[in-house]
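Reader: I am new to this one. Could you show me how to read it, feature by feature?

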Amino acid sequence: MNYINIHKHSPCISNEICIQDLIIGKDKIQILPNKHYSVGIHPWFINNIEQQKQDLVEVSHKKNVIAIGETGLDFQKDILLHTPVNLQLDLFKFQIELAYKHQKPLIIHCVKCFDELIKLKKQYKDSIPWIIHGFSKNSNIANQLIKNDFYLSFGHHLLQSEKNKEALIGVPKEKIFFETDDKNLPIEKIYEEAAFLLKTSVKILNNQIAENYKSIFYI
Ligand SMILES: [Zn+2]
């Protein structure tokens with residue numbers, strides 16, 4: 001069985017269909033044929049803005065770049081010292097516009113920023129999917145995001161956090177994805193835990209996620 005892993009920072013392995021994430025200004029941006037990528041400017045790695053924007057524009061139209069991200073907002077104190085809110089917002093909006101232009105989903109990093117993110121999404125029409133990657137929060141936040149038509153991608157927090165487990169149970173199945181991010185963890189572990197929580201089989205869950213994947217990644 002092949003598992004869909006929508007966000008990881010290392011190359012895909014044989015039992016997964018994955019989107020490898022490349023961060024402009026940090027990673028080597030090499031787009032190989034027959035592989036799928038998301039490419040974006042991450043709020044932790046802003047170093048040479050104009051060059052980074054230009055580098056992103058150059059690869060964002062490529063067929064194998066199937067999503068823009070991870071991009072987003074991070075309002076933790078130490079990040080804000082280095083990268084203030086306005087700068088983060090400008091760069092994020094730049095990437096949102098690029099995603100709309102190419103009609104590709106957005107993969108979003110969001111720390112302490114959910115109110116701002118919801119406010120921002122309301123300013124754009126609903127023609128591309130907005131996916132929160134590494135969703136680690138509780139049902140309350142999940143519900144607000146679902147009400148605003150976000151997708152939620154669950155990762156290693158699902159194995160540890162009771163609140164995160166509870167959140168998954170309340171999310172409509174067509175809004176769910178799974179990922180391993182930067183963790184050295186087999187993706188099937190996340191599927192096994194999710195299937196257990198959702199009282200279904202890994203196979204049925206995998207089929208559902210494959211449907212979700214097909215419906216928003218136009219490959
Ligand atoms: Zn990541």
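Reader: How many bridges join β2 to strand β3?

Author: Strands of a sheet pair through backbone hydrogen bonds, either parallel or antiparallel. Two strands count as paired if DSSP finds at least two bridges between them. Here four bridges join β2 to β3 (residues 37-40), and the two run parallel. Leu22 has Val39 in β3 as its bridge partner. The names come from DSSP runs, numbered from the N terminus: helices are H or I with at least four residues, strands E with at least two.

Reader: What should I know about the model itself?

Author: It is a predicted model, where local features need pLDDT of at least 70 and side-chain atom pairs count only at pLDDT 80 or more, while totals for chains, interfaces and linings use all residues. Residues are numbered from 1 along each chain as its sequence is written, and side-chain values use heavy atoms, with hydrogens and water left out.

Reader: Is strand β2 largely enclosed or open?

Author: Buried means under 20% relative accessible area, exposed over 50%, and partly exposed in between (1.4 Å probe, protein chains only). Strand β2 (residues 16-23) has seven of its eight residues buried, so it is largely enclosed by the rest of the structure. It also pairs with β1 in the parallel sense, over four bridges. There, Ile4 stands opposite Ile17 in β2.

Reader: What is the order of the strands in the sheet?

Author: The sheet is open, has eight strands and runs β1-β2-β3-β4-β5-β6-β7-β8, with parallel pairing. β1 (3-8) and β8 (176-178) are at the edges with a single partner strand each, so one side of each has no neighbour in the sheet. From one strand to the next, the twist averages 25°. For such angles, axes are lines fitted to C-alpha atoms, for helices over the stretch in contact, and angles run from 0 to 180 degrees between N-to-C directions. Take one more pair: β4 (residues 65-74) and β5 (residues 106-111) are parallel over five bridges. Ile68 has Leu106 in β5 as its bridge partner.

Reader: Which residues coordinate the zinc ion?

Author: Donors are N, O and S atoms within 2.8 Å of the metal (3.2 Å for Na, K and Ca); water is not among the atoms, so sites may look incomplete. The zinc ion is coordinated by His7 (NE2), His9 (NE2), Glu70 (OE) and Asp181 (OD), at 2.1 to 2.2 Å. Along the chain, the donors follow the spacing H-x1-H-x60-E-x110-D. Glu70 in strand β4 and Asp181 in the loop between β8 and α8 (187-197) are 111 residues apart, a pair that links distant parts of the chain. Both Glu70 and Asp181 are buried.

Reader: Where does His133 lie, and which residues does it touch?

Author: Contact means heavy atoms within 4.5 Å. His133 lies in the loop between β6 (130-132) and α5 (139-147). It is buried, with a relative accessible area of 7%. Leaving out residues up to four places away in sequence, His133 touches His7, Glu70 and Asp181, among others.

Reader: Which residues have the most contacts inside the largest nonpolar core?

Author: A nonpolar core is a set of buried Ala, Val, Leu, Ile, Met, Phe, Trp, Tyr and Cys residues joined through side-chain atoms within 4.5 Å. The largest has 56 residues, and Trp130, Phe178 and Phe217 have the most contacts inside it. α8 gives the most to this core, with six residues. Apart from it lies another core of eleven residues, including Ile24 and Tyr37.
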